Structure formats: C-alpha cells, structure tokens
Amino acid sequence: MKQVIFRVLSNEKIAKDVYKMKLQGDCEGVACGQFVNLKLQNYYLRRPISVCEVEGDVLTIIYKVVGRGTEVMSRMQEGEDVDTLTVLGNGYDTSKSGDAPLLIGGGVGVPPMYQLAKDLKAEGKAVTVILGFNKAEEVFYEEEFKALGAEVYVATVDGSVGEKGFVTDVMKNLDSYTYIYTCGPEPMLKAVYNESKTSGQFSFEERMGCGFGACMGCSCKTKYGNKRICKDGPVLEKEEIIW
Amino acid sequence: MVNTKVNLSGLELSNPIIPASGTFGYGYEFAELYDINILGSFSFKGTTLEPRFGNPTPRIAETPSGMINAVGLQNPGIDKVISEELPKLKKCFNKKVVANISGFCIDEYVECCRKIDKEEQVGIIEVNISCPNVHGGGMALGTSPEMAAAVTKAVKEVTTKPVYMKLTPNVTDIASIAKACEEAGADGISLTNTFLGMRIDLRSKKPVLANKFGGFSGPAILPQALRLVYLVYEAVDIPIIGMGGVSTAEDVIEMMLAGATAVQVGAANLVDPYVCRDIIEALPAVMEKYGIKDLNDIIGGAH
C-alpha cells in the first residue's frame, strides 16, 4: 500500500451511470485485479474502486454511480487532486491461466478484466472475454477488448445487444477454456462458479472500512480460513470459496 | 523543547498517542508505511478466549463525519495471539503494547487476563466491557456499576499488570461506573468506546449493517467523548486514556484538557493510515502555539 495524490486527467460518462476516470500519478506496483481507495471531499470513508488499466503514470478506473460518494466522483473535474491509497488487494495471478483463459465480467465487474486481458495477451495467451450487462445502454468496453485481440462475447439480459441472457448462457457453449477469471455481482459469481468446468479466480466486493486489512470490516469465511476481502482478496481461488 | 512524555501507571510513553483497539490490527499493515515505534504504544485488536469470526457482513457503513461498525470482535483467540501475533509484532514494535481483552462472562475475562499477564510485551491490559456489537457479555458487563466492578475485581486478582477498564458511552451515568471500577481496583479508565447507531439503506429500505446496529465513531463523536472524559475525570483519581473522534494534535490537547493522560486514535487510522504519525509530528508545534511546555501540565486543565 502507498498513498498517492493523483491528478484527474479526464472523467467522462461511457454508459448509463458509468464513468471512466483517468488519473495521473505514481502507479508503480499497481497490478491487475487490485483496487484503489479514494478520499472524497466531505465524505469520511474512502471509496474502493477497481483498477481498469495502468499505463505508465496513468491509472484508469471505471465506476458506476450507485450512491452519494460515486455521485460526487462523477462531478470531479480535470485538474483536481485525489488523495488515494493504492496498490491494494492481492490481484489476479496470471501464472495459473493456461493457454486459453476465459474472462467473465458483469456490469462494473468488467473494468478489472481489462488490465487482466492486456496482461494475459502480453503473455501470449488466447483470451476469451464474456461481458454481461442488463441492457444496451449499460454496455461499455466491447470495442476496447476487441482491440486487444481478445475474442469477445456480450450478453444482455434483455437481448438488446449480443446474446440474450446471462454470461453463463454464453459460457455453456464454450468448452475449450483452460481457466476462468471473473468479477461481478455475487449472484453472477455464484452462477459462474457452478457453470465453470475449470479452476479459476473470483473477485469479490464488500463494504470496507479501511481497505488495507486493519479493521476486519470486510471479512469472509473461506475453506482456507477467514480472509479479509481488502487484503487477502479481493480475488479468491475457486477451491476456497464458501457460498 | 517541549515535553510530550506521559506516564500511565508506571508505563512511560514517549508521547500520549495510542492507536485504538480494532483500528490498528496487530500493527503490521501500518509498520509497512512508517516506523510504528514512534507511537506512545498501541492497543491491539480486541481478543477473546476462543477464536471468533464476528458478525456477518456488511459490518461497516459511513455516517456524516464518521462511520458505524459491527465487526463483532473478530480475532484468532488469546492462544494464537500469544503464540503467533505477539512474536510477529515484536519484529516491528519494540515498545510495550496495550492488550485489549474482551469476553462474554467474567470467567472468560479472567482466563484471558491470566494468559496475557505472562507476556512481557504487554504493558497494560485494557479490559473491554463495552463492545456494542456482541450479544451477551461485551457491553452488557459495562452498563452497571456492580457488573463493571465484578469484572475489575476478578481480573485484578489474576494479573500483575496495570488494568484499564474500557467503558461504553451507552449508559446513563458513566461516572458511577468509572467510580465502581476504581473502587474495585482498576488502575485506570479507558473511554469511550463507540456510541450505538444505525443506517438504513434507501433502496432495500432495511438496515445497512447485517447486525442492524453498530458502534458509531469518527470526528462526529469528539464533543460527546470530551464530555464523558471530563465527567469521569471529576469522578476518579486514576489515569484516563481518552478517545473518541480524535484526528488531530489539537484534538489530543483538547482530550488531555478534559482529563486524559494518554489519548487513543481510532477511526481516523482507517481513513488516513498515517494519521498517528502526523499527529505525533505536529504535536510539539501545536503545543508551542498554545504555550504548553509539558503535556503533564494540561491533564484535566479544563476543570
């Protein structure tokens, strides 16, 4: 963990209630699957947001406005400074992926898949991505994943884009993947867990106090013992998860 | 040169700053960021006889200028704390720690204190009779002068170390409880634990916390905590560790003027992991600004 004052380079709406913010500052050590914890003016607790992309000294995050904190974030302007705790959480381990990993992101679980896909492509792996959304106006980053050279499937619950249904409906028709990586709402994670034919890594979300392992606010039970989602997670191995 | 040294029942602290139990883990996360030996001491995560997972999540919610938590005393149990956490802690902290002990009945407190009493790293035992997030024991033992005295008396019989009773603010007359602890042999009083509170989610229309209620802390409670420290200072002659909403060197001085000999910093650690370091660094200049040469001169100065 370290504290970095990032400067907002841009902050734009990319889908319904979903914003993309680029931040400039010290990104050393930031890895895919990790998160950053932002201090917002007039709010006490920091806001944990997953890392979407790291490139040099530019960090990209994508967040959905779900409450007052993220609403404040959506109004932040270019040039503003953000007190940030960074290099938080364990992140994804790409060494276990095999040659053809399958990445499954749902809603704002999509962003962490992006840096992961980049890293896996850089390691020469054949990456397949399933992006799940409720409807067309919520869809984002389909083209960005395609531009990385990944095979991309989109599923929407109402069928307005891509396959009609859930990410698991796409998964059913895929059988050559070697490993899965996923992030999304818990019901989706559970469905993916039940549908998956291989081992994998699952990224969880929880309300956090500190975000760095001090307060025990986000603990969960696993087959390997009690874990803190913020410090020992957010990524858990399939084999350790207790639903 | 100003003097920041204070003394808690014979334990000399280089400064009065003590991270509060439950906001500093066992210190390692913070030792990655700065040399935690600059702290006066620190109070480790509340420990019970048996390991505990604590309450279901969500355990945390934000409030205006603060937060509520219902962690529910998650800890690995006293034996593991002694065999694993204390040796690990020794590598990053060479001062004496405050051992925060919790329980569900008097026997459990006694057994924990008996075990921790042998540990050389422990300078003070802080007996938590104020956890708002567990059912049975915890806060229940801290809401009546008779029960508080009974716990105090029982643990004093099995320990040679100074015993500080950590009190809950969720009572009608905190001074009478502090007084009862003093009469039962307590070496000091630690206050205040968190205030009971809740938040309700507008979408689900249900309590945010799985436990429904939680302990409210953060800058919002500073004035309430100051008042309670002030009241307890008038009731007892033993030292007070004051806490509640402290986030700056100015808050520390205010807490000491109310009657605290040392000051714990809680929720602020979770938001700004460097806060204790920053307070310690700022303290001498803030003392000079207010014409304070020795912190010992201001303890209870507001009375």
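Reply: G185(B) follows helix α5(B). Its phi is positive, near 110 degrees. Helices here are DSSP runs of H or I with at least four residues, strands are E runs of at least two, and both are numbered from the N terminus. This is a predicted model: local features need pLDDT of at least 70, side-chain atom pairs count only at pLDDT 80 or more, and totals for chains, interfaces and linings use all residues. Residues are numbered from 1 along each chain as its sequence is written, while chains are lettered from A and ligands numbered from 1 in the order in which they are written.

Now the helix itself. α5(B) spans residues 174–183. It is largely enclosed by the rest of the structure, because 7 of its 10 residues are buried. Buried means 20 or more other C-beta atoms within 10 Å of the residue's own; exposed means 12 or fewer, partly exposed lies in between, and C-beta atoms are placed from the backbone. I174(B), I177(B), A178(B) and A180(B) are among the buried residues.

Next, α7(B), residues 249–258. Here 9 of the 10 residues are buried, so this helix too is largely enclosed by the rest of the structure. The buried set includes D251(B), E254(B), M255(B) and M256(B). Its cover includes α6 (222–235) and α9 (275–289) of chain B, along with strands β3 (17–19), β12 (240–243) and β13 (262–265). After α7(B) comes G259(B), with a positive phi near 140 degrees.

Chain B also meets chain A. There, 27 residues of chain B are in contact with 21 of chain A. Contact means C-beta atoms, placed from the backbone, within 7 Å. The chain A side divides into 11 nonpolar, 6 polar and 4 charged residues. Ala, Val, Leu, Ile, Met, Phe, Trp, Tyr, Cys and Pro count as nonpolar; Asp, Glu, Lys and Arg as charged; the others, Gly among them, as polar.

One glycine of chain A touches chain B. G213(A) sits in the loop between β12 (200–203) and β13 (219–222) of chain A. Beyond residues up to four places away in sequence, G213(A) touches G25(B) and E29(B), plus R228(A), C230(A) and K231(A). It counts as buried because it has 22 C-beta neighbours inside 10 Å. G165(A) is 48 residues away in sequence and 37 Å away in space, C-alpha to C-alpha.

Chain A as a whole: 5 helices and 15 strands. Of its 243 residues, 48% are buried. Its radius of gyration, taken over C-alpha atoms, is 17 Å; this agrees with a compact globule of 243 residues, which would be near 18 Å. That rule is 2.2 Å times the number of residues to the power 0.38.

The domain assignment, automatic or from a database, gives chain A domain 1 (2–88) and domain 2 (94–203). Their centres, over C-alpha atoms, are 23 Å apart. At their boundary, 14 residues of domain 1 of chain A are in contact with 12 of domain 2 of chain A. β4(A) gives the most to the domain 1 side, with 5 residues. That side has 9 nonpolar, 2 polar and 3 charged residues.

Methods:
Two residues are in contact if their C-beta atoms, placed from the backbone, lie within 7 Å.
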